[in-house]
Structures are given as structure tokens and as C-alpha cells.
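Keep the sequence and the 3D view open side by side, and try each task before reading its solution.

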Amino acid sequence: MATMMAVAVPYFLQYYRESKLSSAAREFVTATQLARLQAATRQRPAKMQFDLDRQSYWISQATGSDSNLTENSLVESFVLPLNIRIATVQVGEDRVADAGEVSARFYPNGTCDGFTVVLRGQDKKAGTAIWVDPVTARATPYAVK
């Protein structure tokens, strides 16, 4: 019994970590869909903002009249699961950010500032990169080492 546990437990722990990372990636993809939808339905740009120091991200949208748009309306904020973190964010051709605040815009015509976000788990060995296409604003996750 002890031998079986010694073999099974590491595999179970690895599976558990991978499922948490996969779940966080799916939630992020859903958040990009929400940002795209907000921009298209309200006909105003939406922003997906990342705070890499606080390990959080949220969607905000411009409010006010067309001549006086302010970007202070919080649409939704997201909390990462325990032991999952945003490792890096790169918007367009900008430098890869691993600290500070970064934002990407979603536009009413269904496009966005193309960007890539890398999520990593506790072990920091494997991760998930999510690329958001600037033309379609659709997010595609893929595994990274």
C-alpha cells in the first residue's frame, strides 16, 4: 500500500497543479471574450488591465459622453487561483513586462491590441501562454516550458 501511495501521490499532485493552471487559462480566455463583447455592444473601447505586482487583472470601460470619455468604469475583476501567477504580459511589439501595470484595448469593431499573457503554476516549470489575436480578438492558449 505504501509503495502504491509513493508512486500515485506525485502523479496526482502534478495532475492537480495542471488542472488549476488549465482552469485559470480558461477563465482568462472567457475574460477576453467579455472584454471584446463589452467593446462591441457598448460601442466604446474596453481595457483589460494587468497589475503584475498584485497578480490581478480586470476589465474597465470608457464612460461619459462621446466628447468626454473617462476610463473608470470597472466591468469585472478577476482573482487568480492560489499558486497561479501572471508571469509576463506583452502587448503588441512592446517589451515583455514582468512587473508593474500593463493594459490592452479591445475596440468596438471587434479588434484589439494583440497581446500575450503567460500564466505559471507553483512549480514554475511549465506554464500556459495565451495569445490574443489583434484582428479577431480571440484568445488561444498553448503550453509553454
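Predicted model: local features only at pLDDT ≥ 70, side-chain atom pairs only at ≥ 80, totals over all residues.

**Exercise 1.** Describe the overall make-up of the protein chain.

*Solution.* Step 1: count the elements, using DSSP runs numbered from the N terminus (helices are H or I, at least four residues; strands are E, at least two). The protein chain has one helix and eight strands, in the order α-β-β-β-β-β-β-β-β.
Step 1: look at burial. Of the 145 residues, 37% are buried.
Step 2: consider contacts, meaning heavy atoms within 4.5 Å. Among contacts with a separation of 6 or more, 50% are between residues 24 or more positions apart.

**Exercise 2.** How many bridges join strand S1 (residues 46-51) to S5?

*Solution.* Step 1: recall that two strands pair if DSSP finds at least two bridges between them. S1 and S5 have six bridges and run antiparallel.
Step 1: find one facing position. Ala 46 stands opposite Phe 106 in S5.

**Exercise 3.** What is the strand order of the open sheet of four strands, and which strands stand at its edges?

*Solution.* Step 1: read the order, S4-S6-S7-S8, with antiparallel pairing.
Step 1: find the edges. S4 and strand S8 (139-144) each have a single partner strand, so one side of each is left without a neighbour in the sheet.
Step 2: zoom in on S7 and S8, which pair over six bridges. Here Ala 129 has Tyr 142 in S8 as its bridge partner.

**Exercise 4.** Which residues touch the most other members of the largest nonpolar core?

*Solution.* Step 1: a nonpolar core is a set of buried Ala, Val, Leu, Ile, Met, Phe, Trp, Tyr and Cys residues joined through side-chain atoms within 4.5 Å. The largest core has 32 residues, and Phe 50, Ile 86, Phe 106, Phe 115 and Leu 119 touch the most other members.
Step 1: ask who contributes. Helix H1 (2-42) gives the most, with eight residues.
Step 2: follow Phe 50. Beyond residues up to four places away in sequence, its contacts include Phe 28, Tyr 57, Ile 86 and Phe 115.

**Exercise 5.** How many aromatic pairs are there, and what is the geometry of Tyr 57 and Phe 78?

*Solution.* Step 1: rings of Phe, Tyr and Trp (its six-membered ring) pair if their centres lie within 6.5 Å; planes under 30 degrees apart count as stacked, over 60 as edge-to-face and the rest as tilted. The count is seven pairs.
Step 1: Tyr 57 and Phe 78 are stacked, at 4.9 Å centre to centre and 15° between the planes. Tyr 57 lies in strand S2 (residues 56-63) and Phe 78 in strand S3 (residues 70-79), so the pair ties together parts that are 21 residues apart in sequence.
Step 2: check burial. Tyr 57 is buried at 1% relative accessibility, and Phe 78 is buried at 8%.
Step 3: widen the view. Phe 28, Phe 50, Tyr 57, Phe 78, Phe 106 and Phe 115 form one aromatic cluster.

**Exercise 6.** Is Ala 137 buried or exposed?

*Solution.* Step 1: locate Ala 137 in the loop between S7 and S8.
Step 1: at 2% relative accessibility, Ala 137 is buried.
Step 2: check the backbone. Ala 137 has a positive phi of about 60° although it is not a glycine.

Methods:
Residues numbered from 1 in each chain as written. Heavy atoms only, no water. Buried < 20%, exposed > 50% of the residue type's maximum accessible area, 1.4 Å probe, protein only.
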